[in-house]
Amino acid sequence: MVSAMKHTLGRWFHRAGAVGGTFSVWSDTPEAEGSVCVIHGSRGQGEANAHLVASAPELLAVLEAVATQVTYEAGGMSKEMLTLMHEASTVIAKARGNR
C-alpha cells in the first residue's frame, strides 16, 4: 500500500546560497531538517524558480480551497469552468503525488 505523500509543512522561503547561482528553499517549521530543496540557475531564472517553489504550499492550499468552494457551488457551471475544475483536480493530484 502506498501512503499519502506529505510535503514539508510550514511557510517556505528562499535565500541565495553562498555559491553564485544557487538558491535554497527553506521551511520555517522546526521539524524540517535542512532545506526543502536547492535550485541551481542564473541569478534571474534561478531566483525566479526559487520564488515559485517557495510559494508552492500556499498555491496548493489556495487552489484546494477554491476547488472545494467551486465544487460546492457547482450548479450551472459553464463548460469552461468544468474544464478548469478538471485541470485543477489534476494539478492537485500531481502536487499530492497521486499522479
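Which backbone oxygen lies 2.5 Å from a polar atom of the side chain of Ser-27? The views below answer that and look around strand 2.

This is a predicted model, where local features need pLDDT of at least 70, side-chain atom pairs count only at pLDDT 80 or more, and totals for chains, interfaces and linings use all residues. Residues are numbered from 1 along each chain as its sequence is written, and side-chain values use heavy atoms, with hydrogens and water left out.

View 1. Strand 2 covers residues 22-27 (strands are DSSP runs of E, at least two residues, numbered from the N terminus). Five of its six residues are buried, meaning under 20% relative accessible area with a 1.4 Å probe, protein chains only. Strand 1 (residues 12-16) runs antiparallel to strand 2, joined by five bridges; two strands pair if DSSP finds at least two bridges between them.

**View 2. On to strand 3.** Strand 3 (residues 37-40) also pairs with strand 2 in the antiparallel sense, over four bridges. Look for Phe-23, whose bridge partner is Ile-39.

**View 3. Zooming in on Ser-27.** Ser-27 sits in strand 2 and is buried, at 9% relative accessible area. And the oxygen we asked about? The backbone oxygen of Leu-9 is the one, 2.5 Å from a polar atom of the Ser-27 side chain. That side chain of Ser-27 also reaches the backbone nitrogen of Thr-29, at 3.1 Å. Leaving aside neighbours within four places in sequence, Ser-27 touches residues including Thr-8, Gly-10, Ala-32 and Val-36, where contact means heavy atoms within 4.5 Å.

Definitions and conventions. Buried means under 20% relative accessible area, exposed over 50%, partly exposed in between (1.4 Å probe, protein chains only). A polar contact is a pair of N or O atoms within 3.5 Å; within protein, one must be able to donate a hydrogen and the other to accept it, and residues adjacent in sequence count only if both atoms are side-chain atoms.
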